[in-house]
Amino acid sequence: MTEAKKKTPPGVQRIWLVRHGQTLWTEQKRFCGHSDIPLSTTGRKEARWVAAQLQTKPLVAIYSSDLLRTRETAEIIRKKFVGGIHTVNNADAVERVLPEVVTSRELREINFGQWEGLTYEEIVKASPDHLDFFSRPADVAPPSGETLAKAVERALSTLLTIAEMPHRGDIVAVSHGGILAGILCSLLGMPLNNQWQLHINTGALSAVDVSFDVSGTVFTSLILFNKTRR
């Protein structure tokens, strides 16, 4: 999907949704969940690519899951943005500034419980009686883990609270593949059990425009989905 070129209308918050860069576990197709895995060399390259895409955007804040792979991605984005030069309304060039990355535990990936660190093939062998999660993730949790519905509830509530704050520009939210797919399902009115259809690559950039009416109803437009350096 290509990015819309129109400016964000007044009263609408643009949120750039970023999945963290690759880790050794994601390269091996292991379920990371709440395990704190750092970026790989490839993951840092992916994060620098995302940072370059966002360098010209009117960013005012970056929010991130508190896990290392997302924090590293967020910091790479921030360092690329800060110190650059831009102009506003043809005025004199000024140095760009951006507050420190704000982290939140609520933006973490789904808790995969006993499956963390395992591949799908290993999960099938270890938990043959718990595979309903893969067809009904909204209702079924991995052993000692959480359902997709519970995970999305915490993450989406946090993201919408952030979106309602008075920002004078775009914001970035760096999170995880499962959570971002679930958030997009909820915002776009898709069943959560269909989140597998919204595959989001590591180091991918998506964007939504979010607004609220007087009753608090959320309106969402999908601006960009799963843009990568590949």
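## A sheet, its helices and a cluster of rings

Let's start with N226: its relative accessibility is 18%, so it counts as buried (buried means under 20% relative accessible area, exposed over 50%, and partly exposed in between, with a 1.4 Å probe and protein chains only). N226 sits in strand 8 and, although it isn't a glycine, has a positive phi of about 55°. Most residues other than glycine have a negative phi. K29 is another such case, with a positive phi near 60°, and its place is in the loop between helix 1 and helix 2.

A word on ground rules: this is a predicted model, where local features need pLDDT of at least 70 and side-chain atom pairs count only at pLDDT 80 or more, while totals for chains, interfaces and linings use all residues. Residues are numbered from 1 along each chain as its sequence is written, and side-chain values use heavy atoms, with hydrogens and water left out.

**The sheet**

Helices (H or I, at least four residues) and strands (E, at least two) are DSSP runs, numbered from the N terminus, and two strands pair if DSSP finds at least two bridges between them.

For strand 8, the partner is strand 7 (residues 205–212), and the two run antiparallel with seven bridges between them. Within that pairing, S211 stands opposite F219 in strand 8.

**The rings**

How many aromatic pairs does a search of the whole structure find? It turns up nine. The centres of the F31 and F134 rings are 6.0 Å apart and the planes meet at 80°, so this pair is edge-to-face. (Rings of Phe, Tyr and Trp, the last by its six-membered ring, pair if their centres lie within 6.5 Å; planes under 30 degrees apart count as stacked, over 60 as edge-to-face and the rest as tilted.) This pair links distant parts of the chain, 103 residues apart: F31 is in the loop between helix 1 (24–27) and helix 2 (41–54), and F134 in the loop between helix 4 (120–126) and helix 5. F31 counts as buried at 14% relative accessibility, and F134 does too at 18%.

F112 and F133 make an edge-to-face pair as well, at 6.1 Å centre to centre and 90° between the planes. F112 lies in the loop between strand 5 (102–104) and helix 4, and F133 in the loop between helix 4 and helix 5, so the pair ties together parts 21 residues apart in sequence. Both F112 and F133 are buried. Ring pairs join F31, F112, W115, Y120, F133, F134 and W196 into a cluster.

Helix 5 (residues 148–164) checks out on length: its 17 residues should span 24 Å at 1.5 Å a residue, and its end C-alpha atoms are 24 Å apart, which agrees. The expected span is 1.5 Å times one less than the number of residues. Among its buried residues are L148, V152, R154, L159 and I162.

In helix 3 (residues 68–81) we find K79, whose C-alpha is 8.4 Å from that of A51, 28 residues away in sequence. R78 is in helix 3 too; leaving out residues up to four places away in sequence, R78 touches I62, L98, P99, E100 and V101.

**Some accessibilities**

| Residue | Relative accessibility | Class |
|---|---|---|
| K29 | 65% | exposed |
| K79 | 63% | exposed |
| R78 | 15% | buried |
| C32 | 6% | buried |
| C185 | 0% | buried |

As for the cysteines, a disulfide is a pair of cysteine sulfur atoms within 2.5 Å, and by this rule the count is zero.

Methods. Contact means heavy atoms within 4.5 Å.
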